[in-house]
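Subject: Structure handover

Hello,

Please find the structure below.

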Amino acid sequence: MPLDKSIKKVMVIGSGPIVIGQAAEFDYAGTQALRALKEENIEVVLVNSNPATIMTDRTMADKIYLEPLVLTTIKRIIEKERPDSLLSSLGGQIGLTLSMQLNKAGVLDKYGVRILGTGADAIDKAEDRQIFKDTMAKINQPTIPSVVANDVKAALSFAEVTGYPVIVRPAFTLAGSGGGIAENDEELREIARNGLMQSPINQILVEKGISGWKEIEFEVMRDRRGNVITVCSMENFDPVGIHTGDSIVIAPAVTLADKEYQMLRSAALDIISALGVEGGCNCQFALHPHSFEYAVIEVNPRVSRSSALASKATGYPIAKVATKIALGYNLDEIINEVTGSTYAAFEPTLDYVAVKFPKWPFDKFIYAKRELGTQMKATGEVMSIADTFEMAIMKAVRGAEIGLDTLSLSHLTGLDDKKLKKQMRRPTDERIFLVYEALKRNISVDEINELTKIDRWFLYKLDNIRLYEENIASEPMNASLYNEGKRLGFTDKALKRISGVQELPWRMTPTYRMVDTCGGEFLATTPYFYGTFSSEVRGGENEALDFIAASEKKRVVVIGSGPIRIGQGIEFDYASVHCVWSLKKMGYEVVIINNNPETVSTDFDTGDRLYFEPLTIEDVMNIIEIENPLGVIVAFGGQTSIKLTQQLHKNAVNIIGTSADSIDMAEDRERFDQLLEKLAINRPRGHTVMSVEGALKAAEDLEYPVLLRPSYVLGGQNMIIAFGPADIKEYMKVILNKGQDNPVLVDKYLCGTEIEVDAIFDGHELLIPGIMEHVERTGIHSGDSIAVHPAPNIDQGLADTILETTKKICVGLKVAGIINIQYVVVRRELFVIEVNPRASRTVPYLSKVTGVPMVELATRVSLGEKLLDLGFGSGIYEPTPYTAVKVPVFSFEKLTDVDTHLGPEMKSTGEVLGIGKNLQEALYKGLLSAGYSLVKAGSVFISVRDTEKPEIAAIAKKFHQIGFELYATSGTADVLSGSGLKVQRVHKIHENKNNVMTLLEGGEVNYIISTSTKGRNPERDSVKIRRKASKLGIPCLTSLDTANAVADSLMSGYTPDNTGLIDLNNLSHLMKKAEAK
Amino acid sequence: MEKAEHEAYLILESGKIFQGKSFGALRGTVGEIVFATGMTGYLETLTDPSYYGQAVVQTFPLIGNYGVIPDDFESGKIYMKAYIVNQLCTAPSNFRSVSALDAFLKEQGIVGLHDIDTRTLTKTLRSNGVMNGMIALDPADADMDIIGKYRVKEAVANVSTRKIYKLGAPQSRFHVAVYDLGLKTNIIRELVSRGCEVTVLPHDTKADRVLGLNPDGVMLTNGPGDPVENAGIIENLKILIAAKVPIFGICLGHQLLALAHGFKTEKLKYGHRGANQPVKNLFTKQVYISSQNHGYAVVTDSIIPGVADSWFVNVNDNTSEGIWYCNTPCFSVQFHPEACSGPRDTAFLFERFIELMEVNQYAAG
């Protein structure tokens, strides 16, 4: 069947903010889908609250609503736009759940909107635990013995029959939120209660534990006619028991004989046929390691993280094909864009393996529980491609930016064998390194397999690496050993270090191979490459060379931002992609290097050539050597690319834009201080220290509170405010333990209004597209602050000072392109607190709201164009008549034991935007989008630190006026009643059995305001309260400024029914401008 | 990491040389070099008699991962001349595995070549077409004349059974005479599991002898070589066709059935060998993913209208993948509904064969 011509106007629901379990992959999928719709000239209405996405770019859809992803809002948009269809399967779990809600609420029926692709019945069959089990039983597909429970009692009685362990999975939640493995009655009681609460339909699945079985996934597709294909199989390195998002994954499956493979493949195809999926679907299986016994674990009838991985691993664009299927096409009518001559109705075959390695946030959350289980904890991932598993895993590990370039993790050598074995048994993010350490100690593969249940195949492969490492450490290096090392994935740097050879007399350069979907069977033209090492005698052919030779254009290399992590999210992929597009527009040939499979930048048609390689200097230089570009752009890939600048410069690579020296000046504390001094620009006083004593002395000199942080950091990693010597001692211990050899910075903490600007400078003219003001005063990381544009409290005088100071810094640093500066205003005086000589995370949202194409301007200016020729003038760009509020979004419910108290270290994983006619409306929409339920009645629990007690009464009064009852712990209660407020006293945890925890558990409390001087350590009362809040899903405000803003927002009278619906493509001021032109 | 492995070379007809290492039997050999793209199923590939006379290159770089599993063999031995892989797994892992691939090839006396850049080799075969090649332990042994003159000959005679044998329960509902042209065991399993008694016949069994068995149907199996070489079998087939016995042809069987009806075959540039080939049923428009292994194909234009209809075609290159005969109870497919290795998506064709026999039994009274 070709295109269904009755489809004229389609609504697409995006996946909203980045949270753990739902990252950039949906921007990649969504962008592909929107392009596929555009190809058919279909009008598209897009709803997504995440401004940091490519899919919400003006050109991607006809109507773009950066609005809250809540039922009422979407319903109102449907009412207004009257689409005829809804594409539900591309917005992750959020998009799917909302579509189902719209269907159940009768909205779709009422407005004659039909769901395209996989229909409501099919979604129900896959998502509703009971219907799913029944459907599987009907087609003889085994599932794990389980029971659907609507209360804790039912869960307990199931466990009594099957025995422990049992796994709890809440229905309709994301990335296993609220699930877990219970080993006994007590644990089950807690996990079940929690899971029931997290499930929007109060339902959990309790199933028999089958940890240790192999976990195998299939990405499959089905069209309307019922044609079915498998895109990719994937095998988890980690057996069942660890969420697949937290597992190391290899594609294709490698330990299955054809009989097992075909058994599961047929099962997957039978399942999507029985469900009636139209589009893409992910099927997860558990396979007994010693028999043909298997069970279907889960089916996701939508594009997913796994489908993004499968797309990048095979070259098969699942989201695009799924969209075409939704529009009526059959698989054999859709061209395979990789070959251009074959069709989507085939199964990719690989002549390499792809390995995915998760990126976890434990480097930032040192108190977080590192154990992995059914609840996903990784924020992002990297993928690597090679023709041996050894090379692939080595590339993945060094690409993950965890400070490793081999599998040897130094601090594990301190563990004795007994501890090592014990830790191996309980999976954590470090397990593969524990395994490697065990191999080094000659603990047998069989014993490791017994302890970890990791298939021997993987262990033998790791042992190959271990054996080689031992060889070169003991034997003299020779050419053949060197070649072997390259085939195993070692960098030259690592080989030198391990072998002790100072200079290697050999050099093997990578041969780049194409990802062509067909194992070389057909001629392909997609310039999507990975590096491997194949010597000339082996016939090694570098497939990139023909492509390089074929073009006469000037060439630029853009370095991507690597895995999504806290502090470096999708915003940097947005900026990288826009940089690539701008360069293409300017007539350059653009080469992208990146290793994140979830992104738009690694889509094979974003640049002219894509190298899917780790972002280490050695890997990058290998590419630069053959590409021989005019220069490299590092300004848009966050700290990942900035980190490479100095080494690139040393290798005589031209840095386009702000020079390597200027970047160093901005990053090097001392040089930067000298510059500011020279320019007579204020900054908080500070010292650079190397020891505990030094830090204590510095703090004494500066007077507490002081801000401590290591130099060269990202997202405020390991940054705290110290209120006294104890804090300094605790902090320095953590830092020095990490083998930090860069100095630690101690600065006076200045309390004031935080201002942020992104600016573009061409050497003469400066353009500030917008000044943003943070709702929270200094002390909270800018990424975790609510940022408002235009800045409400910055008058003309201050704005002038900001412009002037920014320009001085740009001139001083010799900026060429983009820069981000954070200021604090204390009693109208401006202090610089941070300068980033690169694009920041506010670039996407500011670009969208102001209409200034910031990345394009910065790219053009970097290459010598002048701002005044680019049509956006200079100075401070005129403010918009709308207020835009960026609200951070956190993933605390996924991270056990992390203190949710905000501070100088960034904790948020994503962001949303609220756009309104005024600050109150924008804030209301922003908070709603960020997941605050914003109920306007009930009660508030307050417990704040002494320094903030003077301010709390005014905020409490607002909540009281709205109609909330107030609860507080003794000290805070004293203050509140002293101000004449009626307050109920609550016992602290140690004071009484009936205490704050029981209050929270009782479900009476709607908001919590909790601040404390001490945090982080999960043993502290305040942290326990905040963790409980996170578990129970109660909004917990840890800054008085946020609390005040929430109170104002609640008082403002806005509801989801009366906020304005703003189409980004029809912002009135921009429309007027367009008309004027 | 194996030490002291013997270097070995692949010298192509074109003169191009690939260096690798020897495994299996330590010697040289000559063969027609073909590539196969399946990511699993190397045991089925190794024991598939259709590869007789050929040296097979695996495009998937990790081979031997799950060791050697005798239950998965498709015939009693390895018929190919040599097996060429990138990374050979020396420490396999699978609950059914009894040994590693190297030992299996040694035991079978088959030449193996590993550590070869199989992607570059495959691309060479793709652009130049199928070529002969020699595997030599010393490149000085390469004899371009021998390489150039090598042909796969008398292939079917060399792989077919010498003796007649029976399988399946006696007195089954259907009795199928199977012409063994190089059969993969799973064809027999598929028939037996559907209630057939099977008599497996040597390739040169005369048509009279077949008809004397009074079978409900005749199965023409897969097999190696150029189909037009099998003139004797084609003559016998003509008699069976005239006798209106239901016939099901697979792969070589499909080609022979076409030749017996007066259609033509041709050699493909580099053939189809893999587990991911899409075929489309032209009657229903349904697409199936199939397992394939063939270097020759029926020329679609040579199908005589009125005698037969083109039934399946390859979605990628439109070559003939199946023929439905109009006046005789015959049908055939180029791909492998018996899978092993590869997708089982077209196993239903065995049911079609059963139905055909059923209808024929009924019509015959």
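**What was found**

Of the 1077 residues of chain A, 60% count as buried, that is, they have 20 or more other C-beta atoms within 10 Å of their own, against 12 or fewer for exposed and a number in between for partly exposed, with C-beta atoms placed from the backbone. This is a predicted model, in which local features need pLDDT of at least 70 and side-chain atom pairs count only at pLDDT 80 or more, while totals for chains, interfaces and linings use all residues. Residues are numbered from 1 along each chain as its sequence is written, and chains are lettered from A and ligands numbered from 1 in the order in which they are written.

**Chain A**

Chain A has 37 helices and 39 strands (DSSP runs numbered from the N terminus: H or I of at least four residues for helices, E of at least two for strands). Its radius of gyration is 28 Å, close to the 31 Å that the globule rule gives for 1077 residues, so chain A is as compact as a globular protein of that length. The radius is taken over C-alpha atoms, and the rule is 2.2 Å times the number of residues to the power 0.38. The C-alpha trace of chain A spans about 75 × 70 × 70 Å along its principal axes.

One helix to look at is H18 of chain A (residues 492-499), where Ala494(A), Leu495(A) and Ser499(A) are buried. These residues cover an arc of only 115° around the axis, which puts them on the same side of H18(A); the arc is that of the directions from the helix axis to the C-beta atoms. Helix H16 (456-474) and helix H17 (479-487) of chain A are among what covers them. After H18(A) comes Gly500(A), with a positive phi near 75°.

**Chain B and its contact with chain A**

How many residues of chain B are in contact with chain A? There are 46, and they meet 50 residues of chain A; contact means that the C-beta atoms of two residues, placed from the backbone, lie within 7 Å. On the side of chain B that touches chain A, H3(B) has the largest share, 7 residues.

Chain B itself is divided into domain 1 (7-149) and domain 2 (155-363), with bounds from an automatic or database domain assignment. The C-alpha centres of these two domains of chain B lie 28 Å apart. Their contact takes 22 residues from domain 1 of chain B and 24 residues from domain 2 of chain B.

Regards
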